[in-house]
Amino acid sequence: MGLHQDVKMRNKLRVFLHDKVKLTREWIYNQGVKIQGSAVQRILKATSSVPTMNAFIGCLGWDFNLLRMLVIDLMHEFKLGVWKALFSHLIRILYAVGQQYVEELNHRFRQMPTFGFGTICTFTNNASEMKRLAARDFEDLLQCAIPVFEGLLPGPVNSKLMTLLYRAAEWHALAKLRMHTEKTLDYMETLTYEFGKLMCQFQNLSNNSFQTYGTDRETTTRYRRKEKEAVTAGASQQKENSGRQRKFLNLLTYKWHALADYVCSIRWFGPTDSFSTQLKLYGLGNEKKDPRQIGRRLRRLEWARRAADHRGIHTKRRRQQGILNAGNAAELLAAHHHIGLSAKNKRNIGSFVKMHHDDPAAQNFYPKLQDHLLGRLMDHKFDGDTHESFTDTDRNHIRLKGGSFISLKTCHINYTTYDVRRDQDTINPSNHADVMMLSGEDAAGAHPYWYARVLGIFHATIISSHPNASTTKSGPVEMEFLWVGFVPESDPFAFGFLDPAHILRGCHLMPVFSDGRTSELLETKKPTVARKEGEKDDWAYFYVGIFVDRDMFMRYFPGGGVGHVANRKFFKQGEDSSNDDAVSNISSDPGADELEISDTEEVDLDEMSENGSMILD
């Protein structure tokens, strides 16, 4: 797959050769011609056909296209097929380079932050062993593979591998979309053959550069299989089979060959999750009493649901269904975010500032808060809260009622996905604290998003006597605000405040493990709210995980989704703009890592790959 010969073969119309099969069957059954004879082979061998009449053709007519009956299977063909084989081969390469690199890989996976409700879960202690992993676990390995594998292999191989892993994750993100457009399908079609070329190149490079052998687990599995075969055959295990065997990256498989059929299948049948290859409904039962077993299964699930309702146990989906059935569904769906109204954790502003007086994240905490609140009351455009025009006199007009504010643990962000559905991210400063928002920069080539880490979630009652933002007539105003920060401490605006309404959704920031940690960004060695408990330094850079879910990927795909508010100056799109040049210009150059787009340029689809390698310091 990916070669010109394969493209030409797939472009040929593949149909059932009804006339030729019928003719050869008449020769065989009426004239006694041999099946393997030269006459039969001369007609059927060129197309690898056999003189067997297809049952579907017999029932549905000779003009029925058999190919449209065969659907793709993303889970088994890619997640548990192509990607699992590639990941296994990468583990063998690391063993060939040195076992310490395998241990480093496992250590990096253990440090990978989680995301969402089960979207990216905590990895096992020994991810390289791949023990008891489901398809969703291999999907997580793929989405987090780039920062984990970066720098573990020699330079030239590392560059090729980074490009290959990016294209693999990109192809998988496109294949599992629930809503496609002509733009996404055209790009996926070109990307499929680019991915094929990269895999073939990496196969040759790795097979020629490394002496790869089966891992200990693969060797043990082979021993057990041989012992089982020997017992079945009534013989003893041969000692000649001892020792590890050479292993190569094998691309001569049906699962790999089937990837080129995905675009056609999606055009025929719709997205890959609109159908299932599951053969039976009962799953956990057998074929003899399946109706009764299905009924019992449904009753058990219903009893478990009722028990969960009675005990107050709810999953994410059940919580959302419960909210929407509360009678005010329209109002709740329209709300951008939700922050609790609890007043249990009340903080006095003076005591809070005094308690964090030596924390660099809390320097000028109250003046910055006053700037933020005053800017919002005066309807200033959000620019990162660099309100340099505000004076101390202006700030003295802003007061917190009772001199206190309320601290909360979570903030729920509702957003519209690319396929026009409503979803929710939960922001929690203790674990899922990273958020993204539209950038306030208008310069050419500016990145469309800003990123921040939430340090605290607050709401307070604000009293203002400022002439341009007075609350004298309207009365005190309830306001919600987030304490955020991310950039180096040397920046005076490294830590500040953010209106929750500016948040698009949560994001997944992955450490750049190859660049290590540093104490230069935040020089203090004392405990600080900007770090987790026990940490004394910070990661130097972060990758933005654009493949973490379907919606996140479409936020970086030029044109985005129909449910997104995109930065039009960055993702320039028009009804009369052509995408042909962009689709046909996918570069595999691993060194093209700088994103430069001017206001007058059409966005090349290849340049979207650079968003995934955006590094934050």
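**Figure 1. Arginine charges over aromatic rings.** In this predicted model, the charged end of Arg246 is placed over the ring of Tyr213, at 5.6 Å from the centre of that ring.

**Figure 2. Helix α11 and its two sides.** Helix α11 is made of the 18 residues 216-233, and from its first C-alpha to its last it reaches 26 Å, which is close to the 26 Å expected at 1.5 Å a residue. Its buried residues are Thr219, Arg222 and Ala230. Because these residues cover an arc of only 70 degrees around the axis, they are on the same side of α11. An α-helix has 3.6 residues a turn, so residues three or four places apart point the same way. On the other side of α11, the exposed residues are Arg224, Lys228, Val231 and Thr232.

**Figure 3. An open sheet of three strands.** The strands of this open sheet follow the order β1-β5-β6, and their pairing is antiparallel. The edge strands are β1, residues 337-339, and β6, residues 422-427, each of which pairs on one side only. On average, and with direction ignored, neighbouring strands of the sheet are turned by 20 degrees against each other. Strands of a sheet pair through backbone hydrogen bonds, either parallel or antiparallel.

**Figure 4. Bridge partners along strand β5.** How many bridges join β1 to β5? There are three, and the two strands run antiparallel. Strand β5, residues 411-416, also pairs with β6 in the antiparallel sense, over six bridges. His412 in β5 stands opposite His338, while the bridge partner of His412 in β6 is Thr426. The hairpin of β5 and β6 has five residues between the strands, and within this hairpin Val420 takes a positive phi near 60 degrees.

**Figure 5. An edge-to-face pair of phenylalanines.** The structure holds 25 aromatic pairs, and one of them is formed by Phe352 and Phe405. A pair of aromatic rings is described by the distance of the centres and the angle of the planes. For Phe352 and Phe405 the centres are 5.5 Å apart and the planes stand at 80 degrees, so the pair is edge-to-face; the cut-off for this class is an angle over 60 degrees. Phe352 belongs to helix α17 (residues 349-355) and Phe405 to strand β4 (residues 404-408), so the pair ties together parts that are 53 residues apart in sequence.

**Figure 6. A tilted pair and a cluster of rings.** Phe553 and Phe557 form an aromatic pair that is tilted, with 6.0 Å from centre to centre and 45 degrees between the planes, and both residues are buried. Elsewhere, ring pairs link several residues into a cluster, which consists of Phe352, Phe365, Phe405, Phe458, Phe481, Trp483 and Phe497. The cluster therefore includes Phe352 and Phe405, whose edge-to-face pair is the topic of the previous legend.

Terms used: Residues are numbered from 1 along each chain as its sequence is written. This is a predicted model: local features need pLDDT of at least 70, side-chain atom pairs count only at pLDDT 80 or more; totals for chains, interfaces and linings use all residues. Side-chain values use heavy atoms; hydrogens and water are left out. Helices (H or I, at least four residues) and strands (E, at least two) are DSSP runs, numbered from the N terminus. The expected span of a helix is 1.5 Å times one less than its number of residues. Buried means under 20% relative accessible area, exposed over 50%, partly exposed in between (1.4 Å probe, protein chains only). The arc is that of the directions from the helix axis to the C-beta atoms. Two strands pair if DSSP finds at least two bridges between them. Axes are lines fitted to C-alpha atoms, for helices over the stretch in contact, and angles run from 0 to 180 degrees between N-to-C directions. Rings of Phe, Tyr and Trp (its six-membered ring) pair if their centres lie within 6.5 Å; planes under 30 degrees apart count as stacked, over 60 as edge-to-face and the rest as tilted. A charge sits over a ring if NZ of Lys or CZ of Arg is within 6 Å of the ring centre and within 35 degrees of the ring normal.
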